[in-house]
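Please read the following alongside the sequence and the model. The text goes from single residues to the contacts between parts.

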Amino acid sequence: MNIGIFSLSCCEGCSVEFLNMEEEILDILNHFGIENFRLVKEVNKLPVDVAFVEGVPANENEVAKLLEIRRNSEILVALGSCSATGGVLAPGAKPVGHYVDVDHCLYGCPFSRDELKEFLTSIIIDKAFGKKEYSVCMECSLLENGCLLEEGYLCMGPITVAGCNALCPSNGKPCLGCRGSYEDANLKSHAKILLDKGFSKDEIIDAFSLFSHRDLREVIEWLKRR
Amino acid sequence: MVEKKIEIKEITKIEGHANLTIEIEDDRVKRVAFGIHEGLRHFETLIIGKRYHYLPELTSRICGICNVAHQIASIRAVEDALGIEVSEQVKDLRKLMLISSHIQSHILHLYFLALPDYIGVESAIELARKDIKLVKKAFKLKEACNYMTALIGGRAVHPCTILPGGFSKRITKGMIDKYLKKMREIYPFLLESAELFLSLDYPPYERESEYVALRDGRGIPLYEGKIATMHAVFDAHEYGEHIKERAVDYSTAKRSLIDGRDFMVGALARININGKLREDARELANRFGIRFPSNRVAWINPAQALENVHYAMEAMEIAENLKEYEPEKIEVPRTDGEGVAAIEAPRGLLIHHYVIEKGKCRYANIITPTAMNAENIERSLEGYVSKIADEDDGFIRKEAEKVIRAYDPCVSCSVHVMRIGKMSTFL
Ligand code: SF4
Ligand code: SF4
Ligand code: SF4
């Protein structure tokens with residue numbers, strides 16, 4: 001099995017995070033060959049079995065490149081929030097899934113290394129890999145962090161898909177929603193709770209548009225109309 | 001008339017997407033174009049209208065490698081605009097983050113991007129098959145740096161603890177000690193790695209150039225200082241009078257000139273401007289016969305390796321004297337103002353400039369190191385290729401790539417801007 005790490009327009013933080021797996025990369029190399037990784041390789045080949053794509057296409061050239069990657073890969077994984085949801089670039093850009101079929105998404109800005117390991121393991125042992133169906137709040141309460149929302153901060157944890165082990169709240173900062181929302185998240189009810197807590201409409205729209213602009217478009221529109 | 005054209009459609013082992021065209025006529029260089037063809041990401045427009053405390057989070061996403069530098073430049077510009085006080089302790093903690101992420105960026109560049117050129121392998125992955133020990137060492141150094149950045153920042157890529165005036169979490173004595181212990185642990189390897197990168201055989205090309213870096217008169221500052229060239233020193237707030245940006249039609253990224261000249265920023269510029277390497281680094285430079293100021297472009301590599309030693313020493317000194325940090329409520333004196341911050345990112349000077357009104361960003365200008373270096377890269381290529389124009393294409397190509405990689409260009413950084421007009425030369 002071989003893999004490729006491809007980069008469209010983005011900060012390349014996900015490529016860097018991939019390299020940050022450090023010695024685990026050497027383990028990965030025992031199971032997979034890395035055939036394509038422009039950041040560190042001069043000789044880059046297609047096809048690959050698993051293509052990890054970070055970033056979004058920002059011009060026709062990159063759209064063509066994405067289509068080529070799709071044609072030449074068995075499994076295509078959207079690596080990181082830019083690719084999976086548009087991430088911070090969402091107001092001006094469309095996620096990879098808008099152009100091609102995406103088999104799996106690894107959310108987060110950058111993606112979570114634990115989740116990537118989970119994913120690679122699922123491939124090696126041929127097991128299903130799916131999106132988590134619960135919120136960052138779940139992880140946050142398990143860690144027994146004090147709740148920042150209750151302390152008066154605008155936290156996106158209640159509607160954001162788990163998988164980062166509530167990284168930001170565990171570091172004293174409210175969740176920005178970088179992983180996007182989970183399947184059954186009640187987006188409107190979260191907006192209402194925030195309004196009840198005294199946050200202004202404007203502040204909420206600001207927070208909702210940071211990372212998950214596309215997912216939250218409807219609620220943002222609904223807030224604007226109120 | 002003999003004409004030849006050397007084209008590299010996609011330069012590998014740099015951050016982001018760039019291409020190179022060299023046209024040679026009768027062994028004379030007619031044209032060199034270092035073009036960036038990555039899509040633009042409109043960051044300045046993305047952050048307009050956003051609340052000030054989101055600016056560091058958003059601008060962090062300009063670059064996955066020097067995001068700590070972007071975050072700290074951003075928060076400093078916000079603090080400057082809104083008159084927020086910053087304690088010496090907070091500055092020291094920020095310096096520790098800057099240093100560990102700085103060293104990690106240099107390690108990534110030196111071992112994974114530059115080294116393959118000098119030992120004739122295609123990549124560090126190929127190198128791992130030949131010399132697993134060396135690659136493991138590089139990974140260990142990177143891992144250690146990421147660990148240190150994450151101790152303070154929560155994580156290494158896009159840290160999540162930086163706030164106006166401080167940090168969102170308590171930074172205990174235990175964490176600071178862990179940082180110190182780790183830095184002491186890797187220090188011998190940083191010395192060893194400097195020996196390796198000081199002994200490689202670099203392209204000899206030299207070109208007289210303008211250099212620009214922060215200066216504070218005491219050391220080689222990363223966090224704050226005045227902006228210095230070889231001829232002038234000015235306050236960061238006056239950057240607009242000296243640094244002018246321009247567009248070229250074969251590149252999506254802006255480029256800058258200082259007082260009308262192309263210039264170099266980064267490790268070599270920092271040492272050229274400031275001298276003042278700490279003892280161990282100075283001793284190494286002497287031992288390998290490397291003297292500064294130097295116009296030898298490829299010495300950016302050894303300059304980075306020496307910086308690793310220099311800044312590691314600085315970090316240990318800071319950490320030894322640092323007390324536990326307790327988050328406190330920060331006073332924000334005003335909601336309107338204009339702020340500028342100039343800091344040193346791993347690849348060189350970085351400027352963030354905002355106008356904030358009613359707590360929201362109304363104007364933003366960000367000038368990145370690679371935008372500043374782009375013109376200098378091209379001039380150096382022109383100069384060097386002119387000297388080797390009669391060699392065969394393969395050699396010219398290899399040497400040109402070495403020069404480009406020495407600058408450690410970060411294309412992701414340089415295409416954050418909006419520009420009206422043609423998107424890409426390939427369209
Ligand atoms: S998801 Fe975040 S870290 Fe990854 S490439 Fe996009 S902006 Fe960078
Ligand atoms: S701090 Fe945020 S993520 Fe944690 S429990 Fe409260 S709302 Fe949820
Ligand atoms: S806590 Fe929220 S913003 Fe932070 S990493 Fe997790 S999903 Fe992203």
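In which loop of chain B is B:Lys276 found? B:Lys276 is in the loop between helix 9 (267-274) and helix 10 (279-287) of chain B; helices (H or I, at least four residues) and strands (E, at least two) are DSSP runs, numbered from the N terminus.

This is a predicted model, in which local features need pLDDT of at least 70 and side-chain atom pairs count only at pLDDT 80 or more, while totals for chains, interfaces and linings use all residues. Residues are numbered from 1 along each chain as its sequence is written, chains are lettered from A and ligands numbered from 1 in the order in which they are written, and side-chain values use heavy atoms, with hydrogens and water left out.

The backbone at B:Lys276 has phi near 50°, a positive value in a residue other than glycine. B:Lys276 counts as partly exposed because its relative accessible area is 45%; buried means under 20% relative accessible area, exposed over 50%, and partly exposed in between (1.4 Å probe, protein chains only). B:Asp259 also has a positive phi without being glycine, near 45°. B:Asp259 sits in the loop between strand 11 (255-258) and strand 12 (263-264) of chain B. With a relative accessible area of 48%, B:Asp259 is partly exposed.

Chain A has backbone features of another kind to look at. The peptide bond from A:Leu46 to A:Pro47 is cis, with omega near 0°, and A:Pro47 belongs to the loop between strand 2 (33-37) and strand 3 (48-54) of chain A. The bond from A:Cys109 to A:Pro110 is cis as well, again with omega near 0°. A:Pro110 lies in the loop between strand 5 (104-106) and helix 5 (113-124) of chain A.

Two residues of chain A show how buried side chains are surrounded. A:Thr85 is part of helix 4 (residues 81-85) of chain A, and A:Thr85 counts as buried because its relative accessibility is 7%. A polar atom of the A:Thr85 side chain lies 3.1 Å from the backbone nitrogen of A:Gly87. Leaving out residues up to four places away in sequence, A:Thr85 touches A:Ala90, A:Pro95, A:Tyr107, A:Phe211 and A:Arg214, where contact means heavy atoms within 4.5 Å.

A:Leu149 is in a loop, the one between helix 6 (136-142) and helix 7 of chain A. A:Leu149 is buried, with a relative accessible area of 12%. Its contacts, not counting residues up to four places away in sequence, are A:Cys155, A:Pro158, A:His190, A:Leu194 and A:Lys197. From A:Leu149 to A:Gly108 there are 41 residues in sequence and 21 Å in space, C-alpha to C-alpha.

The next level is the domain. Chain A is assigned domain 1 (2-124) and domain 2 (136-225), with bounds that come from an automatic or database domain assignment. The centres of domain 1 and domain 2 of chain A, taken over C-alpha atoms, are separated by 26 Å. Between these domains of chain A, 14 residues of domain 1 are in contact with nine residues of domain 2. The area buried there is about 960 Å², with 56% given by carbon and sulfur atoms; buried area is the accessible area (1.4 Å probe) that two parts lose on being put together, summed over both.

How many salt bridges does the rule find across the interface of domain 1 and domain 2 of chain A? The rule finds one, a salt bridge being a side-chain nitrogen of Lys or Arg within 4 Å of a carboxyl oxygen of Asp or Glu. A:Glu115 forms a salt bridge with A:Arg179, and the closest N and O atoms are 3.0 Å apart.

The contact between the chains takes 48 residues from chain A and 61 residues from chain B. Chain A and chain B bury about 4700 Å² between them, and 59% of this is on carbon and sulfur atoms. Five salt bridges are found across the interface of chain A and chain B. A:Lys173 forms a salt bridge with B:Glu57, with 2.6 Å between the closest N and O atoms. Elements that give two or more residues to the side of chain A that touches chain B include helix 1 (13-19), helix 3 (60-71) and helix 9 (201-208) of chain A.

Methods. Polar contact = N/O pair within 3.5 Å; in protein donor to acceptor, adjacent residues only side chain to side chain.
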